[in-house]
Amino acid sequence: MAVSTFRSGRLPLFHHPQLPNKAAASACTRRSVVGLKKLNGRSNSKALFLFAQYSQPSQPQTQQQQQDRLSSRFQSSIENLPKLVEDIVQTSISTGPRGALRLAQGIQAFVGVGGEWLADVSRSTNASTGIPSQLQLGLLSPLYLRKLFERMGATYIKLGQFIASAPTLFPPAYVEEFQKCFDRAPSVPFEDIQTILRQELGRPIDSVYEYIDPTPIASASIAQVHGARLKGSQDDVVIKVLKPGIEDILVADLNFVYIVARILEFLNPDFTRASLVGIVKDIRESMLEEVDFNKEATNIESFRRYLEAMGLTRQATAPRVYNHCSTRRVLTMERLYGVPLTDLDTISSLVSSPENSLITALNVWFGSLLACETFHADVHAGNLWLLRDGRIGFLDFGIVGRISPKTWAAMEVFLASIATEEYESMASALIEMGATNKDIDAKAFARDLEKIFSSIQELDTEVVVATARGTNTNATAVSANIIVDERQMNALFLDVVSCFVI
């Protein structure tokens, strides 16, 4: 085994060869408040909000200052109380009797899953092996919590899907169990699906479809999908049907979450920095848009136009929409045959290079950020398929995002300013993108950015490369690590904390 070390000195990530390095800026002298929010241009996807406060290094407060601060906060709370009460009343009125119904459904779900847990505990008690560790956690165990979420309905199934998609935030056992929330939600009886189809189409079902498979292909949180064949053209299609009562469930659940967020911000104004209410509003709007299949049909057609305009129809596709048998609650689409991109065994039998298929999918998606009116904002294994003809199939356009040309132009300025170390341009670009509040001190913001970037440039780095040759083969394994001075990293961290008080 051989080990080599290369010391690189300062980190040249942001150094432009034609410009001198600038000295680190002095500490902030004026106070400005910056909120890192979502980019301009609406996005239906869930967003993360970070809010930062730029200020002078804080000095110990006197007792009088603390009293004044508490008095000011109390006065502000009194002034905001009527608005809070008004919001709660209006939200409760819009929810109506659905709120009481959802409470009863929640109690019923809790009792039902609790009964299953007690029965399993009883059986385990009679067994010689004792009570499994999963049962000892009660309803907080991955299995029973997933069952509770499924019984609670669409909102909580969506939350389960989020848990399954965030392995860095949740324990592996929960991530694995909640994978079952994807396309495995409880199905609706086919008789109910037929009733919805008759109501939405306004004519007999057999006048539109030659055949409908009563067994669903998939049952997700808000919709159920059935295979079918169109009458006349004999085209194979899938019918996506909105589950009955879903809109009422979403409105009741999300209004409740909104009220809780409003109360939390009222009791603790520090939550305002995290824009808790703003996040809840975005989530509520996004989920309610997802139940309008007319919007999804528009999103699909937009993506198909992008593929045609860019000459990508041989690499990827999206299902054709049959508008004559699609409504707000029913979406009839071309049936695509293939497998999810995570099914590596089957993918290997369809194409010689699965890696190239994944690269194609990523290239098409990234291209849609620039050239399409909207981009797919819910790209996971269930929505990306490798089709039998080798193309990538994009499915489920219920959640999409939009990035405005204005934001893209500001992003180009931002990237260019990193290379040229023009921190005022960098600050202006971030403000233009909507990454900050509008009422901040741009020059103070630029000085903060310069200080942080200068600290990054001054990091001393060391690259350690190790090679090892196999004993039975001539193959050589190579690994590399970058080592950064711990004291410098700590100093950089303190600089960030001193300027960004989260």
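Reader: Is Glu421 buried or exposed?
Author: The model is predicted: local features need pLDDT of at least 70, side-chain atom pairs count only at pLDDT 80 or more, and totals for chains, interfaces and linings use all residues. Residues are numbered from 1 along each chain as its sequence is written, and side-chain values use heavy atoms, with hydrogens and water left out. Buried means under 20% relative accessible area, exposed means over 50%, and partly exposed lies in between (1.4 Å probe, protein chains only). Glu421 has a relative accessibility of 1%, so this residue counts as buried.

Reader: Where is Glu421 placed?
Author: Glu421 is not a glycine, yet its phi is positive, about 60 degrees. Most residues other than glycine have a negative phi. Helices are DSSP runs of H or I with at least four residues, strands are runs of E with at least two, and both are numbered from the N terminus. Glu421 sits in the loop between α13 (405-420) and α14 (423-433).

Reader: What is the relative accessible area of Gln234?
Author: Gln234 also has a positive phi of about 60 degrees without being a glycine. Its place is in the loop between β6 (223-230) and β7 (236-242). Gln234 counts as partly exposed because its relative accessible area is 39%.

Reader: What pLDDT does the chain average?
Author: pLDDT is the predictor's confidence in each residue, from 0 to 100. In this chain 76% of the residues score at least 70. The average pLDDT is 77.

Reader: Why is helix α5 largely enclosed by the rest of the structure, and which helices do its buried residues pack against?
Author: Helix α5 (residues 154-164) is largely enclosed because eight of its eleven residues are buried. Among them are Ala154, Ile157, Lys158 and Gln161. These buried residues of α5 pack against α4 (142-152), α6 (172-177), α8 (246-267) and α9 (276-290).

Reader: Which residues does Arg151 touch?
Author: Arg151 is found in helix α4 and counts as partly exposed at 44% relative accessibility. Its C-alpha is 8.4 Å from that of Val113, which is 38 residues away in sequence. Leaving out residues up to four places away in sequence, Arg151 touches Ala109, Gly112, Val113 and Glu116.

Reader: Which residues does Arg262 touch?
Author: Arg262 lies in helix α8. With 13% relative accessibility, Arg262 counts as buried. Residues up to four places away in sequence aside, Arg262 touches Lys83, Leu84, Asp87 and Val277.

Methods. Contact means heavy atoms within 4.5 Å.
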